[in-house]
Amino acid sequence: MNRTEIYSRSNKGMREKSFSISERATEDVITGERSGRRMGIKNSPLLNLEAGEWNPRYIQADAIPFQDSFYRVLPEGENMRDYIERMLAHKEGRAIGIELAGVGSRLFSDFTPGFFRKTAGINLTDSRDFDSPSIKGDDAKRNHTVIEGNILTPETRDDVKQWPHGEKIDLIMERMYGGLLILPQEPFFLSDRARMWYELLAEGGLLFAESPQALRPHLSQWETYIKEEHADKMEVSVSRNIIRIRKLQDVPLELLSARNILRR
Ligand SMILES: C[S@@+](CC[C@H](N)C(=O)[O-])C[C@H]1O[C@@H](n2cnc3c(N)ncnc32)[C@H](O)[C@@H]1O
């Protein structure tokens, strides 16, 4: 029996159990956010703009720059904004970006003004009013919005798909931090959801993600497999639980299926 089959058999009962735990925890987060309760890291910026550069010791009470999470999968010395804008230069002024599991306001406000045509944060709730009274107005000026929804459901995916009128997305960011703990820790389910979002990515588009624990032990092997057998379709860089993907060819792929991620 290979590893995929072992997972598939032993996790059948666990799957049901972990889904119901996850649903309860998710409901708690929604209730908390709707009442303005601060729950850990929120609405983080892309860069540490106060210091002007990446600083590993930069700690802010309720936000951590995305740069501090993803620098390990970037070319050495390049910051996230410069890298993303360079890789998406062909889409300047027309690019579309989303953050999964975050309101995305501060994240997208750190890009060069006008680089993105429209951006959205896909979050359980639109909690921006608790951040600052002016944030929604500022977002509207930059054509940024928040779409409320659960990123694990195809309904939310459908809402996001309609939002740019069927156009594909150039940048997808996901960094859930503590939020990862309330996801069902079931590799088949998780990889299926990763694939669901990857399908919305445009050719040449970038996806940055923090992996849930259930997939983490398999990521470096999966990276090797992609590099050896599918380097023409997907560029991938993994460091611990952090992933950067560049979609080189928009072809129907099974590369994110659990069968391929949990390879021997
Ligand atoms: C720790 S916060 C991180 C926020 C942001 N990504 C950042 O780095 O500043 C986790 C966020 O994940 C969101 N979240 C958790 N589970 C989610 C789900 N299933 N669908 C959509 N959002 C979710 C919560 O609403 C919360 O805003």
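Arg240 is exposed, since 12 other C-beta atoms lie within 10 Å of its own; the cut-offs here are 12 or fewer for exposed, 20 or more for buried, and partly exposed in between, with C-beta atoms placed from the backbone. This is a predicted model, in which local features need pLDDT of at least 70 and side-chain atom pairs count only at pLDDT 80 or more, while totals for chains, interfaces and linings use all residues. Residues are numbered from 1 along each chain as its sequence is written.

Back to Arg240: its phi is near 50°, a positive value in a residue other than glycine. Arg240 sits in the loop between β6 (234-239) and β7 (242-247). Helices (H or I, at least four residues) and strands (E, at least two) are DSSP runs, numbered from the N terminus.

Now try Ala101, which also has a positive phi for a residue other than glycine, near 65°. Ala101 belongs to the loop between β1 (95-100) and α5 (105-109). Is Ala101 buried or exposed? Ala101 is buried, because 21 other C-beta atoms lie within 10 Å.

Next, the core. In soluble globular proteins, nonpolar side chains tend to be buried together. The largest nonpolar core has 53 residues, and Leu100, Leu171 and Ile172 touch the most other members. Such a core is a set of buried Ala, Val, Leu, Ile, Met, Phe, Trp, Tyr and Cys residues joined through C-beta atoms within 7 Å. Strand β5 (residues 201-210) gives the most to this core, with 5 residues. Leaving out residues up to four places away in sequence, Leu100 touches Ile122, Ile151, Ile172, Met173, Glu174 and Trp197; contact means C-beta atoms, placed from the backbone, within 7 Å.

Trp197 leads us to helix α8, where the buried residues are Pro187, Phe189, Leu190, Ser191, Arg193, Ala194 and Trp197.

Zooming out, the protein chain has 10 helices and 7 strands. Of its 264 residues, 33% count as buried.

Conventions. Contact = placed C-beta atoms within 7 Å.
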